[in-house]
Each structure stands twice: as C-alpha cells, then as structure tokens.
Amino acid sequence: MHIAGLSRLSILDKEAETLRGQLNSILDYVEQLGKLDTANIEPTSHVLPLNNVMREDLVKDSLPIEEALRNAPDGTEKFYRVPKIIE
Amino acid sequence: MALKETNPMKYEAVIGLEVHAQMATDTKIFCGCSTKFGSEPNSQTCPVCIGMPGVLPVLNKKAVECAIKTGLAVQSKISAYSRFARKNYFYPDLPKGYQVSQYELPICEGGHIEIVIDGEVKRIGLTRIHMEEDAGKNIHEGGGPYSFVDLNRTGVPLMEIVSEPDIRTPAEAAAYMKKLRAILRYLEVCDGNMEQGSLRCDANVSVRPIGQKELGVKVELKNINSFRYVEKALEYEIKRQINVIESGGKIVQETRLFDSSTGVTQSMRSKEEAHDYRYFPEPDLVPIVPSEAWIEKIRQALTELPDAKRERFVTKYSLPEYDAELLTTDKTVADWYETAVLAGGQPKAVSNWMMGELTKMLNDENKSIENCPIKPEHLAGMLKLIDNGTISGKIAKTVFEEMYKTGKNADAVVKEKGLVQISDEGAIEKAVDEVLSKSAQEIERFKAGDEKLMGFFVGQVMKATKGKANPQMLNELLRKKLS
C-alpha cells in the first residue's frame, strides 16, 4: 500500500493481495541477475559508453500556449487547473 | 507574535543553509526554452520540460560552466565524474513526477566562504554544489476550489549551494547569504534577484545546550527570500525551539514555513511518505566528465572576487575598510568607483560622494547604479572643479544635484547656472561690508565675546552671494574686519 501511495494508485485491499504476489514474482525474476559474477566488472549507471553530451545555450521556439495546454485534463486559457493545493 | 525569551544564554543554534541560485543562462537546463522572467504564463514550455513521453533532455553547457565557475571561486573540488539523478515525488508543479537533480555525485564538493562578524573573519564550510531543474509555479489566489499552474519556470537551471552546519547565529546566516550573493553576482552566474526568485534559501536549524557535542533535532525552514527574513525566521525559530525544550517538550523533525507578515514559522504538516524520494541515476542523461582543459579555461576567466577587491581598494586607494567593504559588495558599484578614480577623482573624495549624496539620491528614486544619470567621469570632473577653486564644496552639492537631474557634466552645469565661485577679493569685501553695515548689534556682541556669531556673519554673506563666495577668503576677510 506504501508503494501504491507513492505511485498515486488507488487499489482495493483484495487487489493488493494479488498485486503483492505478482510484484514479488517480478522481483524474483529480476533477482536472477544477482547470480551473475560481476567481480571483475566496473559498476555503471549507463549502458552507453558516452560522457559530456551537451548543447549550446541557444533559445529555441517554445510551444504555443494552447498547444502546450491541449493534453491537460483541466485548464483555463492560460493555466493548467488543478484541485486546490492546501498549504 | 513575540516569544518570551527563556534562558537563551544556555543554548547555541546550529544552522546550515541551502541556497538555490538560478544560473544565468538564456535557456533551460535540458531544453531550448527561454528562461526570461515575467513572460506570459505557460508561454515558455516544450515537450521536454513539460514531460511528454518519449522526449530526451540535453544538458545546457553554459549551466555546467556556471556551476564549475562557482565551485572554483569558493575553492570546491570539481568532480571528475558527476551525474544526474531523479528525485521522485508528486506535485502539480512537477509535470514529470520527478525532479532531475544530482544526488550522490554532485558537480562540486567542499569549499568555503569567508564572512566578517564583529570584525572577525569566520570561515563557513560548503558541503557541495549541485545542479538541478526548477519546478513550476502554483497560484492559489482567487481560484475558488482550484489552484493554477504556470510551467514557465519548470526546467530553469538552478544550482543548490549547501553549507556545512557551521553557522551559529541569525546574523552570521545573513552575512553568509550576502557574501554568497555578492560572489555569484561578481561571477555573473546568477543575477541574485531575490524578489524574482533567482536566489532562495532554506535553512536547517537546531539548538543544543552550550558545551554539548551532539546535535539537536533539526527543523527545515523553507523558501526564505530576503536577507531580513533569513534573520527574522531564524531568530523566531531558535527562540521557539528553546522554549519547547525549556518547557519539557521535544523538537519534532519537520519542515516549517516562515510567514513574513506575522514573523512566525509554521509547520507544513506533510505526509511522512513525501520524503521517500527514491533517488536513482537519471538514465536519459549521460555523466559529466569535465576535462582539465575545460576547467582551466573556466578558471582563467574568473574575475576578481569581493574580498580580493576590498583588500586592493584598501591598499591601492588608501580607503578605510568600511568604505572598501561598501564599495565592493556590488561589482557594478565597484566598477563605477574605479572608473571615477581612473578619470582623476581623488579616491577618498569619490568614495565620500558615492556613499553620501549619490546613494541617497539613488535610494530616493529606488534606482540602482546601473541607471545612475551621473557618469563616473562627471563626478571626477566635478571634484577637479572643487580642487582648482572654481566651485566651493557647498556649491558642489547644487552642481551634483543638477548633474543628476540633467545628466550633464560639471563644467556645463557650472557655466549654465552661473555657479562659479567668487574668488575676487574686492567683490567679497563689498558683500562683507554690506552685511556688517547692517549688523551693528551683532558686531557689538561678537566683540564682547560671543564667538558663535561668526557663523551668522558667514551665513549672511553667503546668502548675499548665493553661496558662491570662496569660503576661505570670506573667513579671512571677516576675521580681519572684526578684529
């Protein structure tokens, strides 16, 4: 339920049981990687042998406002609209 | 609300600051959208910064340069290998559901900033400087049951400068902020505009009995956006924590918001879960491995920093520490000063006019020195006219005001307004005689020992000559006639 909360998913208690089993079997499956001998392999966070991919600081056109807002579930002419955030 | 102070002497505060500085780039950190402030809401976004599926971010080279430059200026170690990480949480101003930040391999580590407190230099250590993207802006006012989101800020490049918990008082915290802002502005890596949110500060603060080694439970104060508020928020929070402990309570680790209208900090009751950020390396961005040559090139371009400039002003121009400090806090002010001195202005005189009249006039109109109508060369020119006796120091004030109003140089103002000092002895004598002939009573009292009346005579003659009489000659003449 903690993971569901973090992921903003609403699930029922009985669904949670099924999902727990499924999630665990996925984790077990991935766990097989732990059997590999990685003693002589450098740890990495990327699969590509690439560093320093950068661009120059040059302005490009942005999206027109109505285009940017088009996929929003709710909005006004200029803004995305969301349920009030209480602070 | 003022809190009662209970035994503040028994406790000391331990403060660390996290400063978010918007880096001075034209475009966002991972896309080509403009970072211009004040544009129409949601007019500066693209599929990359609003998190459309399938897009790829590309790092802005200028942003990395800003971060490295800052690191070099504060003696940080520039990391040979650095990468980005995803910080996962949900909030409406964060369209991707994660913020791209740096976690275990930031661009800079270590370093320090020196501040002066009560005439003593204190060194505040830095933990790290890392790069990250800003979130959008939520607008809560006037929307009834809704909030509105503007994503123009989303993806604006920030560097977060994290200090060690070396700060002990609110005054030290404010001094640190000011020094950091001065450095960032000197380096031209951040405009330091606190009203526009280019520089924001979070503070971690705890208190402990003096002499105790272990740290107390810390509280995080969020989004403090002025030097004054840094001090106020910390002062309040320190008193609050001492009161809680003194009355037998326990400090809860939490995030609190400072309300500048009431001067009070308030708990932001956030769910525990919200802190589970599940950082992991950002797979869409490759690591940064800055070459020695690149770092060296950035190092070569470093400008003289505030401390070095202050020391140079003291030795080169024989300025008092106080003057040098005020003149070097802002680079534009320092440059204005040096231009005036190089144009022939006497160093201390230039400083006096800048810190006095000029500051007052600019403040009155809420102007900064960039928009000052007087050119530094014009001030130097005016000082020359005082030196060679063309105008008196008193008239100079009028000339200065006129220069400010019109933007003309001193020669032009003096000529147009007929402000040349009267140094013709005959003319001054005539004015003196005229005043004395009408002041029989005062002369008698003066001769009877009322020396203060000298000021009265000088004033009367100055009035008659519209302030243009050479003061030295006037004084001599009066003394001679009255003895």
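View 1. In β5(B), Val100(B) is the bridge partner of Arg86(B). This is a predicted model, so please read every view here as a prediction. Strand β4 of chain B, residues 85–88, is joined to β5(B) by four bridges, and the two run antiparallel.

**View 2. A strand pairing between the two chains.** Here, strand β1 of chain A (residues 54–55) and β2(B) run parallel and are joined by two bridges. Look for Arg55(A), which stands opposite Asn60(B) in β2(B).

**View 3. Where chain B meets chain A.** How many residues does each chain bring to the contact? Chain B brings 55 residues and chain A brings 34. The size of an interface is often given as the accessible area lost when the parts come together. Between chain B and chain A, the buried area is about 3900 Å², and carbon and sulfur atoms give 58% of that. Across this interface, 18 residue pairs are in polar contact, both residues being at pLDDT 80 or more. On the side of chain B that touches chain A, the elements giving two or more residues are β2 (59–60), α1 (61–73), β9 (137–139) and β10 (146–150) of chain B. The most comes from β10(B), with five residues. Sorted by class, this side of chain B has 31 nonpolar, 13 polar and eleven charged residues.

**View 4. Two salt bridges to find.** Start at the interface, where the count between chain B and chain A is one salt bridge. Its partners are the side chains of Lys78(A) and Glu40(B), at 3.9 Å from N to O. Over all chains, the count comes to 40 salt bridges. One within chain B pairs Arg208(B) with Glu12(B), whose closest N and O atoms are 2.9 Å apart. This pair links distant parts of the chain: Arg208(B) lies in strand β12 (residues 199–209) and Glu12(B) in strand β1 (residues 11–22) of chain B, 196 residues apart.

Terms used:
Residues are numbered from 1 along each chain as its sequence is written. Chains are lettered from A and ligands numbered from 1 in the order in which they are written. This is a predicted model: local features need pLDDT of at least 70, side-chain atom pairs count only at pLDDT 80 or more; totals for chains, interfaces and linings use all residues. Side-chain values use heavy atoms; hydrogens and water are left out. Contact means heavy atoms within 4.5 Å. Buried area is the accessible area (1.4 Å probe) that two parts lose on being put together, summed over both. A salt bridge is a side-chain nitrogen of Lys or Arg within 4 Å of a carboxyl oxygen of Asp or Glu. A polar contact is a pair of N or O atoms within 3.5 Å; within protein, one must be able to donate a hydrogen and the other to accept it, and residues adjacent in sequence count only if both atoms are side-chain atoms. Ala, Val, Leu, Ile, Met, Phe, Trp, Tyr, Cys and Pro count as nonpolar, Asp, Glu, Lys and Arg as charged, and the others, Gly among them, as polar. Two strands pair if DSSP finds at least two bridges between them.
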